Amino acid sequence: MSNKLNALDLAFLSLEKQSTPVNVASLTIFEIPKHYKGNFLLDLLVELQSQEAKPPFNQKLSSVHSAALPSWEYDAHFDIHYHVRHSALPQPGKLDDLLELVSRLHSQLLDRKRPLWEFHLIEGLENNQFAMYLKMHHASIDGMGGIELMEHWFSSSAGEEVRAPWACMPAHREKGAHELSGLIEKTAKLVEKVTTRSKMVQDLSKMFIGQSLKAVGIDKNTSPVPFSAPQSLFNVPITGSRYFVVKTLSLAEIEALGKQANATVNDIILALCSGALRNYMMEKGALPKKSLVASVPVSVGQAGHTGNQITYVMANLATNEPDTMTRLAIIGESTKDAKKELVDVSTTAATNFAFLAQGLVAVMNQLNISSMMPPAANLIISNVPGPRKPLYFGQAKLKSTYPVSVLVDGQSLNITVVSYCDAISFGLMACRDIIPDVNVIADYIEAAIDDIKGGIYLKNLMQEQKEKQ
């Protein structure tokens with residue numbers, strides 16, 4: 001039995017070529033249990049390879065070499081030892097060594113003749129730690145799907161049974177036991193299909209009309225229109241080489257800044273990225289007069305469903321604004337207006353809108369003409385809320401988790417953020433040949449916290465002086 005890919009899944013497949021592997025991944029770091037008797041990593045590897053893979057992990061693409069649209073089908077020749085691999089870091093096993101390994105692994109295309117995933121168990125990390133890197137094609141999972149997988153993969157207490165990610169995916173929602181039958185059932189399904197498609201067409205038209213009105217200045221919504229971003233040093237043709245760096249900050253501090261500035265956590269994250277990008281471009285003497293635009297994924301899906309259930313909104317990063325608090329206010333207004341566009345819009349319409357935008361990017365990507373048009377956006381910045389309580393993998397405690405995302409041609413930088421317990425981790429994926437010093441941007445993100453703190457302090461000081469007068 002095969003499962004059809006939705007439109008956005010197909011768009012992610014079409015985006016891929018040698019220079020743009022469409023891989024998303026999670027990098028997780030654990031403590032090796034103290035006083036464990038035996039070789040913990042070897043025992044864990046044997047246990048993981050013994051667990052049976054469930055959909056989508058045992059499914060591959062059909063029609064790889066034909067013109068027919070592919071679907072997911074069971075792989076009759078599935079080999080767990082091909083997908084589950086063991087790696088070791090050179091001593092002393094620094095975090096930078098791990099990130100360098102992940103950069104190389106993430107640069108490689110997945111084999112489309114097999115299920116589109118790889119799992120690497122990585123030993124040799126300093127401080128008695130080990131890592132796991134799970135890579136999947138973006139056509140098979142989105143960010144929130146990854147968080148849902150993590151919640152089934154890990155447990156909330158130590159010592160519970162080890163569950164491999166490929167063995168614990170939640171089952172698809174089953175049909176009800178008392179469904180209509182015969183002619184009544186067919187009629188009901190036809191009515192539902194017509195109604196759903198009619199609503200989808202209306203909603204999709206509404207979204208396109210809204211973008212058109214913004215483009216000609218009739219609608220004063222402040223969120224940018226796709227393909228209106230300025231050219232920047234980040235928006236050039238890319239190679240397949242990747243460079244992954246991370247930066248971990250305090251989630252409590254980010255939340256506190258949001259409350260003090262009357263801003264959402266997401267707006268603070270965008271402001272930190274904006275400040276970092278502005279400083280980096282100024283350092284290079286390459287700051288565009290027009291503000292950078294970020295494409296921000298928004299989940300519109302339901303739990304228990306595989307594949308991609310996301311759409312995108314455009315956020316004005318206000319990188320052309322020197323004042324930190326003014327920049328934050330512009331970002332907040334832009335994201336607020338962007339969210340208004342999704343009110344009363346169906347999930348199908350929202351994902352189809354994303355598909356059409358990604359489809360156009362895919363065509364540009366395949367024809368190598370991305371540099372001939374304004375960028376759809378300058379980069380993607382994604383924020384995925386994660387678990388707030390500690391998680392375990394058997395007896396091993398999860399110390400940190402990092403998101404590893406994808407690049408498309410014409411966008412040499414992606415920033416994906418995920419929270420875990422009291423930490424919030426920024427994963428910066430860059431084209432190594434375009435941004436060989438992406439670690440500088442990561443450091444600027446951390447430094448941008450002080451800029452916001454300073455802005456809040458000055459704002460409060462001015463307010464106090466005003467009240468005294």
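User: Which residue in S4 is the bridge partner of Leu61?
Analyst: Trp72 is the bridge partner of Leu61 there. Bear in mind that this is a predicted model.

User: How many bridges join S3 to S4, and how do the strands run?
Analyst: Three bridges join them, and S3 and S4 (residues 71-74) run antiparallel.

User: What's the strand order in that sheet?
Analyst: It's an open sheet of three strands, ordered S1-S4-S3, with antiparallel pairing. The edge strands, S1 (3-4) and S3 (59-61), each pair on one side only.

User: Switching topic: is Ser87 buried or exposed?
Analyst: Ser87 is buried, because its relative accessible area is 17% and the cut-off for buried is under 20%. Ser87 sits in strand S5 (residues 84-88).

User: And what is Ser87 in contact with, leaving aside neighbours within four places in sequence?
Analyst: Leu101, His120, Leu121, Ile122 and Glu123.

User: Now H7. Which of its residues are buried?
Analyst: In H7 (residues 251-261), they are Leu251, Ile254, Leu257, Gly258 and Ala261. These cover an arc of only 125° around the axis, so they lie on the same side of H7.

User: What's on the face turned away from that buried side?
Analyst: Exposed residues Lys259 and Gln260.

User: What covers the buried residues of H7?
Analyst: The cover includes helices H8 (265-283), H9 (324-340) and H11 (438-468), along with strands S8 (242-250), S14 (413-420) and S15 (423-431).

User: What happens at the start of H7, and what follows the helix?
Analyst: At the start, a side-chain oxygen of Ser250 comes within 3.4 Å of the backbone nitrogen of Ala252. After H7 comes Asn262, with a positive phi near 55°.

Definitions and conventions:
Residues are numbered from 1 along each chain as its sequence is written. This is a predicted model: local features need pLDDT of at least 70, side-chain atom pairs count only at pLDDT 80 or more; totals for chains, interfaces and linings use all residues. Side-chain values use heavy atoms; hydrogens and water are left out. Two strands pair if DSSP finds at least two bridges between them. Helices (H or I, at least four residues) and strands (E, at least two) are DSSP runs, numbered from the N terminus. Buried means under 20% relative accessible area, exposed over 50%, partly exposed in between (1.4 Å probe, protein chains only). Contact means heavy atoms within 4.5 Å. The arc is that of the directions from the helix axis to the C-beta atoms. A polar contact is a pair of N or O atoms within 3.5 Å; within protein, one must be able to donate a hydrogen and the other to accept it, and residues adjacent in sequence count only if both atoms are side-chain atoms.
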